[in-house]
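Open the model in your viewer and keep the selection panel at hand. The tour goes from stop to stop.

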There are 2 protein chains.
Amino acid sequence: MVSASAEDYLKTIYKLEEEEQPVALSTLAGELAISSVSANEMVRKLAKQGLVIYEPYKGVALTPKGRAQALTVTRRHRLWERFLTDVLGLGWNQVHEEACRLEHATSLRVAERLAQLLGQPETCPHGYPVPTAGGEIVLEAGHTLSELEPGQKGVVLHVPEEPELLQYLGDLGLKPQAVVRVEAVAPFQGPLTVRVGGARHTLGRRVASKIMVRLL
Amino acid sequence: MVSASAEDYLKTIYKLEEEEQPVALSTLAGELAISSVSANEMVRKLAKQGLVIYEPYKGVALTPKGRAQALTVTRRHRLWERFLTDVLGLGWNQVHEEACRLEHATSLRVAERLAQLLGQPETCPHGYPVPTAGGEIVLEAGHTLSELEPGQKGVVLHVPEEPELLQYLGDLGLKPQAVVRVEAVAPFQGPLTVRVGGARHTLGRRVASKIMVRLL
DNA sequence: GTTAGAAATTAGGCATACCTATTCTTTTAC
DNA sequence: GTAAAAGAATAGGTATGCCTAATTTCTAAC
């Protein structure tokens, strides 16, 4: 029904809508690493197909139809990520890229069998929720780790899918479900000292602000 | 390195080389369901890349480099087929189409993990050998079931990947490893009466000639 | 209200991978 | 040896999805 390219656009618009609504074309182009001219062209095609609403100088927004498509692709993506880590044993910093290709080659039938094999997982390895087959998704709000005060504790909810960052966080044990306690926060936007499963680490604010936690 | 389309060409040339060497362009075009002009164009591109040798009015042949690529794609295809039947439980008549898409979205890393998960399978669900990671493959010659004389027995080696045929053969139990005994052959190119696992069936010659067996 | 700069659009191109219609060129069969 | 038919190649076209450069349009700040 839609091309692999169009699926990528929808998936990305969906992702960006969490932070910006409607999504500016420049944001979309930047995220997809393409020119704004190309983004413009494609967005108009998607609008013609009733998958998005585009208002020049405003931005792009998914229609219900477009959102359904985006959630389908996102479901496939996250199911593959779970499969690749849990069943094939790949590192959590390797699976995003692989899933980005597999997601476009996956039928409904295969996706649902996969979900069944994995026990209907609720999140991907990075902590993001897997949309249900019916297209529902619940995203817990949470706080960034950098917002916590010394003495506060949180459970890691999710971390962004950036390979180098994941490599680093994996080594520290900062994965979804992990409990983190902020021990100290250096003044003047300084680094955080945190405790994760017995070990103590120092984290830059940039990194800490990318880690979403549920306050305990 | 090569596009999904190019991978399909190489895989198909490899398959056709088993029956015709070099492969006529018209055979290739027919198998891929494209025009001979398109096949001509692509074959010349592949030749320029050193993947095939093309001689007008003769046909196409894979170079060692092209054969290696073809075997890689074929390995991924057959590993996915095994996964889809053995792990996800899809029917053997459904997996070819799915694997045709997944094979182009699969990295070396994922293919090898998959092979490991599956226990380094030697054949796909239809009985064709899975090329090794090193690019080796052994194809047993065998006979078609239609060549057997009444009273002779054989083990099914492989059957072609045609969904409707697979549906039919699956119902009869005519799968790889199955033992078949030819009980009678009707005269004038007539049908065969065969015994498969306790049941007796009548098979047309067209069908019987597509089933490869090892003589017992 | 005007204007500078940001954002959008138009114009023109490129690569891939298809297509049909037409024109060679080579086989092969007589 | 020639001629018909089979096969190959050329010419020109389509759709997708990307690009740069140039131009137009809108927004926002003064």
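Is the crossing of H1(B) and H2(B) left-handed or right-handed? Right-handed is the answer for H1(B) and H2(B). (A crossing is left-handed if the near helix is turned anticlockwise from the far one by less than a right angle, and right-handed if clockwise.)

Before going on, note that this is a predicted model, in which local features need pLDDT of at least 70, side-chain atom pairs count only at pLDDT 80 or more, and totals for chains, interfaces and linings use all residues. Residues are numbered from 1 along each chain as its sequence is written, while chains are lettered from A and ligands numbered from 1 in the order in which they are written.

**Stop 1: the helix pair**

Select residues 4-16 of chain B, helix H1, and residues 25-32 of chain B, helix H2. (Helices, H or I with at least four residues, and strands, E with at least two, are DSSP runs numbered from the N terminus.) Their axes lie 10 Å apart and pack at an angle of about 120 degrees. Axes are lines fitted to C-alpha atoms, for helices over the stretch in contact, and angles run from 0 to 180 degrees between N-to-C directions. H1(B) and H2(B) are therefore oblique to each other. (Under 35 degrees counts as roughly parallel, over 145 as roughly antiparallel, 65 to 115 as roughly perpendicular, the rest as oblique.)

Now show the side chains. H1(B) brings B:Asp8, B:Thr12, B:Ile13 and B:Leu16 to the contact, and H2(B) brings B:Thr27, B:Leu28, B:Glu31 and B:Leu32. (Contact: C-beta atoms, placed from the backbone, within 7 Å.) By class, the contact of H1(B) with H2(B) has 4 nonpolar, 2 polar and 2 charged residues. (Ala, Val, Leu, Ile, Met, Phe, Trp, Tyr, Cys and Pro are nonpolar; Asp, Glu, Lys and Arg are charged; the others, Gly among them, are polar.)

**Stop 2: chain B against chain A**

Color by chain. Each chain is represented here: 16 residues from chain B and 16 residues from chain A make the contact. On the side of chain B, H4 (64-87), H5 (95-102) and H6 (108-117) each give two or more residues. H6(B) has the largest share, 5 residues.

**Stop 3**

**Stop 4: DNA strand D**

Here A:Ser3, A:Ser5, A:Ser35, A:Ser38 and B:Leu25 come nearest, of 17 residues around DNA strand D. H3(A) gives the most, with 4 residues.

Notes:
Two residues are in contact if their C-beta atoms, placed from the backbone, lie within 7 Å. A residue is near a molecule or strand if its C-beta atom, placed from the backbone, lies within 6 Å of it.
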